[in-house]
Amino acid sequence: MKSEEAAVYREIQKNTENAMKAIDTISGKVYDDDFALQISKQSLKYAEIYNEASRQLVEAKAERYQSTALSDALLKTGIHYNTLLNTSLGHIAELMIRENHNGIIEMEKVLKHNERAGEGSVALAKQLIGFEEKNIESLKRYL
């Protein structure tokens with residue numbers, strides 16, 4: 001596996017892991033059953049994509065993405081801070097839309113910097129980008 005391909009898979013792991021942690025953190029603040037179901041389904045899809053990226057890295061004996069305790073704490077603290085005074089459905093949807101948008105930007109940057117990555121990693125990255133774009137569209141109805 002080329003280093004560019006491994007970098008793309010690691011970014012996919014990072015993106016999906018952060019999304020799953022964010023959903024897990026925010027789900028306790030969601031009191032709308034339809035919205036809760038939607039974000040649970042999103043978490044499952046993120047897990048599928050994460051597992052595929054992990055499988056590819058393990059098969060190639062490449063280094064996997066490892067989050068740090070600090071990055072996890074910052075993510076969770078940011079969510080708690082942003083929902084401290086406002087846990088309305090519209091506000092939570094807006095936060096999630098921003099996170100999806102940030103994920104798309106990070107994936108686009110990693111693809112741009114690793115143009116010689118293999119087809120498999122690029123296809124999975126594009127699948128993740130498409131999934132996040134769909135998430136944004138479906139979350140807009142809760143604004």
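Lys21 and Glu17 join their side chains in a salt bridge, 2.9 Å from N to O. A salt bridge here is a side-chain nitrogen of Lys or Arg within 4 Å of a carboxyl oxygen of Asp or Glu. The model is predicted: local features need pLDDT of at least 70, side-chain atom pairs count only at pLDDT 80 or more, and totals for chains, interfaces and linings use all residues. Residues are numbered from 1 along each chain as its sequence is written, and side-chain values use heavy atoms, with hydrogens and water left out.

Both Lys21 and Glu17 sit in helix H1 (residues 3-27), four residues apart, about one turn of the helix. Helices are DSSP runs (H or I, at least four residues), numbered from the N terminus. Lys21 is buried at 18% relative accessibility. Glu17 is buried too, at 12%. Buried means under 20% relative accessible area, exposed over 50%, and partly exposed in between (1.4 Å probe, protein chains only). The pair also belongs to a network of salt bridges that links Glu17, Lys21 and Asp72.

Helix H2 (residues 33-59) holds Glu48 and Lys45, three residues apart, or about one helical turn. Their side chains form a salt bridge. Glu48 is exposed at 52%. Lys45 is partly exposed at 26%.

Glu137 pairs with Lys140 in a further salt bridge. Lys140 is partly exposed, with 40% relative accessible area.

| Salt bridge | N to O distance |
|---|---|
| Lys21 and Glu17 | 2.9 Å |
| Glu48 and Lys45 | 3.7 Å |
| Glu137 and Lys140 | 2.9 Å |

By this rule, the count is ten salt bridges.

Definitions and conventions: Helices (H or I, at least four residues) and strands (E, at least two) are DSSP runs, numbered from the N terminus.
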